[in-house]
Each structure stands twice: as structure tokens, then as C-alpha cells.
Amino acid sequence: MSPPTLDTDGGNTGTNGHTNGYTNGHTERSQESNGTVFNAPGRIFDSNISPRVEDLKSICDRVTSSKSYPLAASIQKNIPIYDMNTFTEKSEDYKFVEQLKEEWYQVLFAGPGVIVLKGLYSPDRYQKELDSANAVFQQLLRSETKKADQEGTEQVGGRVWNSFRKLAVADPDTFVEYFSNPWLSHVSDMWLGPAYRLTSQVNIVPPSGKAQPGHRDYHMGYFEADRCVRYPRVIQTASQFFSLQGAVAHGDMPADSGPTRFLPYSQMFEAGYMAHRRQEFQDYFVANYVSLPLQKGDGVFFNPAIFHGAGENVTKDFYRHGHLLQVNSCFVKPMEALGSVAIVRACWDILKQRYKEDNGFSHRVEYLVQAVAEGHPFPGNMDKIIGGGHEFGMQTEQDILRRSLKEDWTKEQTLDALTENRANRTDD
Ligand SMILES: [Fe+2]
């Protein structure tokens with residue numbers, strides 16, 4: 001791979017070699033004392049130079065044109081809105097899906113950084129699943145917050161971690177239908193490639209729930225600036241390409257309930273992870289964010305480097321129901337460990353029945369396999385895998401699941417193989 005190059009007028013093309021605006025004013029060529037000029041910007045940020053809010057403003061001060069995103073139904077508050085109800089029949093139309101994925105990729109990479117997928121879980125099609133999932137989530141919240149014994153049916157707000165696994169175990173029918181949604185697979189594949197890893201969490205925000213500060217997420221987002229600065233700037237930029245954040249509205253989210261706030265285009269601010277906690281950037285976020293009301297079943301997906309934050313629920317009696325979907329590339333660590341064996345145990349009978357009904361690997365079977373099992377064999381214990389000449393060697397969980405369906409294994413055979421595969425991937 002060739003290094004980033006300077007463009008002809010001497011301006012730097014940025015750490016990743018493109019000219020879409022990824023900059024922070026720190027990208028001068030690096031000149032060593034002996035006169036050597038390197039083409040790449042310096043390896044790390046200079047901690048003596050503060051990120052400038054003017055640089056963020058110059059990136060975010062732009063207007064999204066509908067001409068740039070012809071498949072969007074509209075542009076609202078700078079954000080492209082896609083009406084998924086009009087695409088229902090096209091989920092297996094390869095050419096169309098690729099066109100849509102290309103457009104979404106452009107939005108997240110070098111455009112506003114966020115898309116709304118209206119009707120991703122349209123109640124016309126997914127009413128039962130949304131309501132069943134909500135019932136499971138309420139039950140989980142009541143037991144996890146020790147409110148299970150309380151009288152009454154008042155809703156409970158809060159966070160359910162790893163709702164992905166918990167929903168699979170509690171209500172496999174709903175889980176299977178929910179996570180076989182073709183568009184969920186397409187949007188995940190769009191940003192991360194085929195071996196993506198889904199996780200999900202429930203977030204129910206009660207009346208008077210406060211707003212979050214504007215922030216960036218994912219691997220770099222957990223670090224304060226003094227830790228971020230130790231990571232090469234190219235790693236800071238690249239980290240956004242390994243995670244996709246999303247949420248599904250599990251109830252209507254009117255404006256006063258506090259749907260997520262976004263600062264479109266801010267994902268392109270190169271120094272963003274160094275800057276997002278600074279007061280002047282917080283102030284800029286509060287003065288310039290946009291937020292769109294959502295309807296039950298709508299989805300929103302965004303680049304984890306976009307400045308964003310949950311809004312304030314200013315209602316007196318309305319609970320905001322969000323199901324957060326966090327999707328990772330197979331090349332990085334997801335936030336939560338899922339436990340594929342438990343999920344496959346819960347869903348096996350339905351998966352196998354679908355495989356038989358569909359005479360093999362239909363799209364819906366494949367989407368489910370991708371959702372429930374890991375698609376990359378790392379990390380592994382090579383002494384066990386190579387030295388032991390193990391049958392499953394470097395096979396992934398997805399490989400094993402596909403093989404088990406094809407060769408008509410029993411549930412126990414499949415779970416044993418997955419367990420053995422997992423044992424070969426640890427040093428314990
Ligand atoms: Fe966040």
C-alpha cells in the first residue's frame with residue numbers, strides 16, 4: 001500500500017489519503033531538523049496544540065443536497081431519510097441492494113454520517129415482534145431492577161445489557177424474526193463486510209431523563225484525551241470504520257421525548273476523539289445539534305465518530321423506548337461477549353426448521369447464521385488448533401453452523417462442536 005500523498009498545490013490530503021474534509025488543521029507536513037520532509041502527517045497529535053472548534057465548524061457548516069443521495073426519500077435537518085417501506089420487495093435484488101449500500105456508505109464516510117431508515121421494522125410487518133420484544137424487555141427490567149415484586153403495571157425505565165442474548169433465550173421466535181430482518185444484515189454488511197458481529201442493548205428513558213453530553217463512541221471513545229493522544233492519528237481515524245452504531249425505535253419517539261441528537265459531518269473531524277470532552281466543543285454541540293422524531297419501528301444508523309448524544313425527555317409521562325444495535329467488524333472486539341452457544345441452543349429448532357422449509361440456505365437462514373455466530377476464527381490457541389490437528393481447526397462458528405445444517409447434525413452435535421471450537425480459542 002502506498003503512503004498518503006500530497007496533492008498538487010501542496011495541501012495535505014489527510015491521514016487516509018482522501019480529500020473529503022478529514023482535517024483538523026494539524027496536518028502540515030512534518031519537517032525534521034535535518035530537513036527531511038515526510039509525506040504523512042505526524043504519527044501522533046501534538047498534545048501542546050489544542051483542537052480548534054473553528055476547524056470542526058468548517059467541516060459541519062455544510063448543507064446536505066438531495067442530489068447527492070438520490071435513493072433517499074427526503075433530507076431532513078441535513079440527514080438523509082430512507083423509506084424502507086418502498087424497498088420491501090427489493091431486499092434480495094442484488095443490484096439494487098449494492099446501489100443502496102454504496103449510497104449509505106457515502107453518507108457515513110464523507111457525508112452527514114447518519115441515516116434514518118423509516119419503517120426498518122414497520123409495524124405493518126413487525127408489530128408482533130416489537131410488542132413481544134418490549135414485553136420481554138419490561139420483564140427483564142423489572143427483575144433486574146428488583147421491581148418485579150411491586151404492585152401495578154407502571155413501566156420501568158433503564159438499561160438492559162446484552163438484550164441480544166437475553167431475547168434469544170427468553171423468546172427465540174421473536175429473536176429469530178427480529179434478527180432475520182434483511183435490511184439489518186444489509187446495513188451491517190454495508191459498513192463492516194459480511195462477518196459483522198451484532199450486539200444489542202435496551203434503553204428506556206423515563207420522563208425527565210436527562211440529555212447526554214455530546215460525545216463520540218466506541219473503542220477510542222472510552223479514552224480521555226490524555227490516553228487518546230498516545231494512539232497514532234491514523235488509528236484514531238480508522239477506528240470509526242470498525243463499528244456501526246444504530247437504534248430501533250420500539251415506540252414512537254416524539255421530539256419532546258428526546259430522540260438522539262447529532263452533529264452531521266462531525267465524524268470527519270480528525271481530532272474529534274481528542275476534542276469531544278472539551279467545553280468549547282460541548283458548547284458547539286449544544287448550539288448546533290439536530291434531532292429527528294422517530295416512529296415505532298424506525299431505525300437510525302450512524303458512524304460512531306459522529307458527535308451525538310441522547311436527548312432530554314421533557315415529557316411528564318412518556319417513556320422513550322430504544323433498542324440499541326451496536327455492530328462490530330470481525331476484526332475488533334465487540335463491547336459485549338455474547339455466548340453463541342447459548343443463543344444457538346435457544347434458536348436451533350427454528351433455524352433447522354427454516355433450513356428445511358427453504359430447502360437450504362435461503363437469505364433468511366443466512367442472515368440468521370450471520371447474526372448468531374462469529375464469522376472469524378481469531379483469537380485461537382494455535383498449539384491446540386494446529387498442534388492438536390483438531391477437526392474444526394480454523395473453522396469459524398458460522399462455518400460450523402452451516403456445516404451442521406448441511407449435514408443434518410443433531411442439536412447436541414452442533415452445540416458440542418461449537419463448545420469445542422470455543423475451547424480451542426482460549427488458553428484457559
Ligand atoms: Fe453514544
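**Strands and a helix pair**

R261 stands opposite S291 in β10. That puts us in strand β9 (residues 261-263), which pairs with β10 in the antiparallel sense over two bridges; strands count as paired if DSSP finds at least two bridges between them. Bear in mind that this is a predicted model, where local features need pLDDT of at least 70, side-chain atom pairs count only at pLDDT 80 or more, and totals for chains, interfaces and linings use all residues. Residues are numbered from 1 along each chain as its sequence is written.

The names come from DSSP runs numbered from the N terminus: helices are H or I with at least four residues, strands are E with at least two.

Now for another set of strands. β7 (residues 197-205) pairs with β6 (residues 158-160) in the antiparallel sense over three bridges, and I204 in β7 is the bridge partner of G158. β7 is also joined by nine bridges to β13 (residues 320-328), again running antiparallel. There, N203 has G322 in β13 as its bridge partner.

On to the helices. The axes of α2 (residues 94-110) and α6 (residues 182-192) come within 9 Å and cross at roughly 55°; axes are lines fitted to C-alpha atoms, for helices over the stretch in contact, with angles from 0 to 180 degrees between N-to-C directions. The two helices are therefore oblique to each other, the label for whatever is left once under 35 degrees is roughly parallel, over 145 roughly antiparallel and 65 to 115 roughly perpendicular. From α2, the contact uses V97, K101, W104, Y105 and L108, and from α6 it uses H186, V187, M190 and W191; contact means C-beta atoms, placed from the backbone, within 7 Å. Those residues divide into seven nonpolar, one polar and one charged, with Ala, Val, Leu, Ile, Met, Phe, Trp, Tyr, Cys and Pro as nonpolar, Asp, Glu, Lys and Arg as charged, and the others, Gly among them, as polar.

Terms used. Contact = placed C-beta atoms within 7 Å.
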